Amino acid sequence: MAQLSSNLLYIAFFIYFAGTIVFAISVLGKKWRKRDEETHEKRWGRIGFGLSLIGFLFQLGYFFTRWNAAGHVPVSNMFEFTTFFGMMMVFAFLIIYLIYKTNILGVVAMPVAMLVIAYASVFPSEIEPLIPALQSNWLKIHVTTAALGEGILAISFAAGLIYLLKEVNQSTSSKNTFWLEFVMYVILATIAFVIISMSFKAAGFESTYQFSDPNGQELTVTYTLPAIVGPDGGEYVSGSEFGPLFDAPSWMRGENAARKLNTLIWSALGGLVLYGLVRLILRKRIGAFFQPMVKNVNSDLVDEIGYRSVAIGFPVFTLGALIFAMIWAQAAWTRFWGWDPKEVWALITWLFYAAYLHLRLSRGWHGKKSAWLAVIGFVIIMLNLVVVNLVISGLHSYA
Amino acid sequence: MDKKQISCECGHVNPYGTQICESCGKPLHEDDSKKLLNMRYEGSARRSQTYKKTPIDKVWNFFSSVKVGIWIIILLLVASAIGTIFPQEMYIPPQADPTEYYKEQYGFLGQLYYQLGFHNLYGSWWFMLLIAALGLSLIIASLDRFVPLYRSLKKQRVTRHESFMKRQRIFGVTSGVNEDKAIDKAKEAIKKKGYNVREEDGNLLAEKNRFSRWGPYVNHVGLIIFLIGGMLRFFPGMYLDEVMWLREGQTEAIPGTEGSYYLKNEDFILEMYDENDEQFKEAMERVNKVIPKNYQTDAVLYKQKGERVAGQDPELEKVKKYPIQVNKPLKIDGLGVYQVDYKLNELQAMTFKLENKDSGKTFGEMTVDLYNPKEVYELKDGYRVEVMNYFPDFEFNDKDEPTTKSKIPNNPAFIFKMFSPEHPDGEVAFVAIRQNLEPLGENEYKMSFQNVETKDVSGLVVKKDNTLWILAFGGAIFMIGVVMGMYWNHRRIWIRRMDNEIWMAGHANKNWHGLKRELQTITEASGLNMPEDQADEDEKKS
Ligand code: HEM
């Protein structure tokens, strides 16, 4: 069952990929064979939607077979939750697509969802048992609703990105072009992270270092990427011999701090290499490369899609990430709210989107500014997923 | 209202400060502008836009401003984020001293964090003040807008002033059609879309989902209720949070019930996942730790019967057996008993034998309950042992005298007096774990240690939170409000005959896309021209 489940996930991933290509064709290939543009768009859009839907059904298959195999809802570790989040993004896209029928949204939203799923696959995917605090029906309800809310909110990021690709003036360089390129770079760095992690995993790379923590306790840490940065005062114990080229600063004292820094450096460098390569091939900003593809996009409509996703996602997020979370926390930890980092970041996300909604009430915050806000909102969601889970440890910490 | 009211040419009398006539929609500040009307709050007279003189006006206007509201939200957001940089005081190890801890663990930045008081950020006065400002802003901003908005939506008339129509974002003119027929068809199509249609002199006002305009106010009320609920917890009697350690076999009064309920711990159960479990094997090998599966206290709840007589044990009546697990607290009269902690194998009793050191012969066995030792233990044949002194958590103090650190038998020690036929006055022995001292000279007898009995201890938390209902109520109202405001939107379509033309205007408080799609169907069905979206770049942003 577990095997079937992971196969279904692979299939879903490839169907998403096919769906993305089809959406791209629907947008780019309008001039092909001199066909009528509108029918072309409609037809390929429908195929793209159908593929995304089928992919989604396959991923649902993954979800329920894994549920069956594990005996609990598969949303309880980094791999499971992140995969589910990607699935909810696809689901949110399908809903928004039904309302607005804009193919370009598929070209951006689907790859973002795929990237999220690819990122998930770097984490250990074995089925884990549930500790007592997680054994609750409210867990299912809370986590799934919260992920759905975040998935819908993430669509506003896709819409915001499209808006910026179209509206940012690429003829001169500006703050806007810089930050847009930075967003592209972060996306590439994530891709680099996935590729590097997968490659070294496939190659079976592993090396172990020993070091002592501030309390004088001897610890060992196992690197799965070659050590550019080793733990402060660490010594090589076993495994592949490479580096470390230098030691982590002495204030990074956490058990895994140096290893995480190492991963970050690999991703950042990998991202730079990828970005450099892409720039070399394109010979212009990535934003400038994409701009012609979105030139026919109706900016107002995209702006509205972004706002609408927040409007739809905000109540769902409130319900899932705050209200249901409080109900669960009351049962599991005796208090509905405890200022645990993960809780606080859910609150921050909520406050941020509340601010977004209020800003939309005032003059001058539609369009570009709004699109940037949507980008920041997504960054906050990802921070909560990545940094808070992996770096700031709290009750919710997965790794 | 002491200021002068404004009479519109349509005859309606508007409150001072009104921008657009509540009834016919004529712009009251005639500036001959062709610009689109600002339809937010229907151009009604808001206190904050009208009165700006007295200090009260100034405070009112400050807190009713959305800009200020947004700033408060942003400040709360940033403050909350700062609080997650290093752990809050409540999450550092309980034995750690915060004055040292932050510096030791996080260096200079940690020390700074501590000195700025960020280690207890969410309880700081300024954080509370921010929350209070949020509450105040919510109340004032809502009052400022709700009443005028309510008035203008209530008083609106069907036939609208020309310039009101023209200056709507969605506006179109149709001429050269059979007016009666076209309007009739339009009316039918509009009704199909679920609009309420009002008619006046052959003109139409179609409106739907007006209730969604109240969404923000409803959700703000929900938030205010929630904040009030949060405040109430600081009032005595609303909130109780007590730790209760209960040994296996022990029965204790439940704190917060005034002794009317007792709880017995029959057994504490700790279960771990089986390392060889097919399903979880791989994951458990990777983390290389045993993973807990269940923490459970098999508890029995008792109720006290009748009045308690001082000095006597209470008479208890069993209410129910209940396995308290994480996520499954025991609920009694608004009180919850939660499984939160445990200690395994705590010392409970020690068993000794009285032994003649030379012959090795023993004279009876005694078991000392470490929580409740007897004064004298009678053994057979006239042998007996007196407990002269008992130190449950033994240590030597500064003066090298034996004392006890606590009442918990972590390190029990005794001074025994052993009576035997040979020593009717008794011999004194100091007995602790792996220690046997004879402070008053050599003895003939000794206490020989046999074994210990251990028990598990459950760490339970007794919680009462009478504010939960209010919080749940506030939360529910909030949700209803957001859903009202977000999943529905207020749409209006005005159709007016002007000479030989039909004018059509539309307004939506959000989701113009949806309104336009409906208009598409309506105009197709009626032969009217599809109105245009007049918003240009500049005005769409209003
Ligand atoms: C965290 C706190 C808050 C939350 C979650 C919240 C939530 C909301 C939501 C969901 C809306 C509807 C927005 C829309 O329809 O696009 C709204 C509208 C509004 N909020 Fe808030 N709000 C908060 C705080 C405030 C504060 C502090 C103010 C004070 C200025 C304020 C003033 C308003 C106003 C004036 C509206 C528009 C009302 C209308 O359109 O009739 N809000 N709020």
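The model shown in every view is a predicted one.

**View 1. The interface of chain B and chain A.** In this predicted model, 59 residues of chain B are in contact with 64 residues of chain A. The size of an interface is often given as the accessible area lost when the parts come together. For chain B and chain A the area buried between them is about 5100 Å², of which 64% lies on carbon and sulfur atoms. On the chain B side, the residues that lose the most area to chain A are B:T84, B:N327 and B:M486, which together account for 12% of what that side buries. Helix α10 of chain B, residues 468-487, supplies nine residues, the largest share of the side that touches chain A. Sorted by class, this side of chain B is made up of 34 nonpolar, twelve polar and 13 charged residues.

View 2. Chain A is divided into domain 1, which takes in residues 2-170 and 285-390, and domain 2, which takes in residues 171-284. The centres of domain 1 of chain A and domain 2 of chain A, taken over C-alpha atoms, are separated by 26 Å. At their boundary, 21 residues of domain 1 of chain A are in contact with 25 residues of domain 2 of chain A. Between them, domain 1 of chain A and domain 2 of chain A bury about 2100 Å², with 73% of this area on carbon and sulfur atoms. On the side of domain 1 of chain A that touches domain 2 of chain A, the elements giving two or more residues are α4 (103-120), α5 (137-167), α8 (286-290) and α11 (368-390) of chain A. By class, that side of domain 1 of chain A has 15 nonpolar, four polar and two charged residues.

**View 3. The surroundings of A:S299.** A:S299 has its place in helix α9 of chain A, which covers residues 299-333. With residues up to four places away in sequence left out, A:S299 touches A:Y163, A:K166 and A:E167. The relative accessible area of A:S299 is 11%, and the residue therefore counts as buried.

**View 4. The salt bridge of A:E80 and A:R66.** The side chains of A:E80 and A:R66 meet in a salt bridge with an N to O distance of 2.8 Å. Because A:E80 lies in helix α3 (residues 78-100) of chain A and A:R66 in helix α2 (residues 37-70) of chain A, the pair ties together parts that are 14 residues apart in sequence. A:E80 is buried, at a relative accessible area of 1%, and A:R66 also counts as buried, at 7% relative accessibility.

View 5. B:K208 and B:E518 meet through their side chains in a salt bridge of 2.7 Å, N to O. This pair links distant parts of the chain, 310 residues apart, with B:K208 in strand β5 (residues 203-208) of chain B and B:E518 in helix α11 (residues 512-526) of chain B. B:K208 has a relative accessibility of 12% and so counts as buried, and B:E518 is buried with a relative accessible area of 9%. The side chain of B:E518 also meets that of B:R491 in a salt bridge, here at 2.9 Å, N to O. This second pair links helix α11 of chain B, which holds B:E518, with strand β22 (residues 491-498) of chain B, which holds B:R491, across 27 residues of sequence. B:R491 is buried, with a relative accessible area of 9%.

**View 6. A salt-bridge network in chain B.** Salt bridges that share partners join B:R169, B:K516 and B:D533 into one network.

How values were computed: Residues numbered from 1 in each chain as written. Chains lettered and ligands numbered in written order. Predicted model: local features only at pLDDT ≥ 70, side-chain atom pairs only at ≥ 80, totals over all residues. Heavy atoms only, no water. Contact = heavy atoms within 4.5 Å. Buried area = accessible area lost by both parts, 1.4 Å probe. Helix = DSSP H or I, 4+ residues; strand = E, 2+ residues; numbered from the N terminus. Nonpolar A, V, L, I, M, F, W, Y, C, P; charged D, E, K, R; others polar. Domains from an automatic or database assignment. Buried < 20%, exposed > 50% of the residue type's maximum accessible area, 1.4 Å probe, protein only. Salt bridge = Lys/Arg side-chain N within 4 Å of Asp/Glu carboxyl O.
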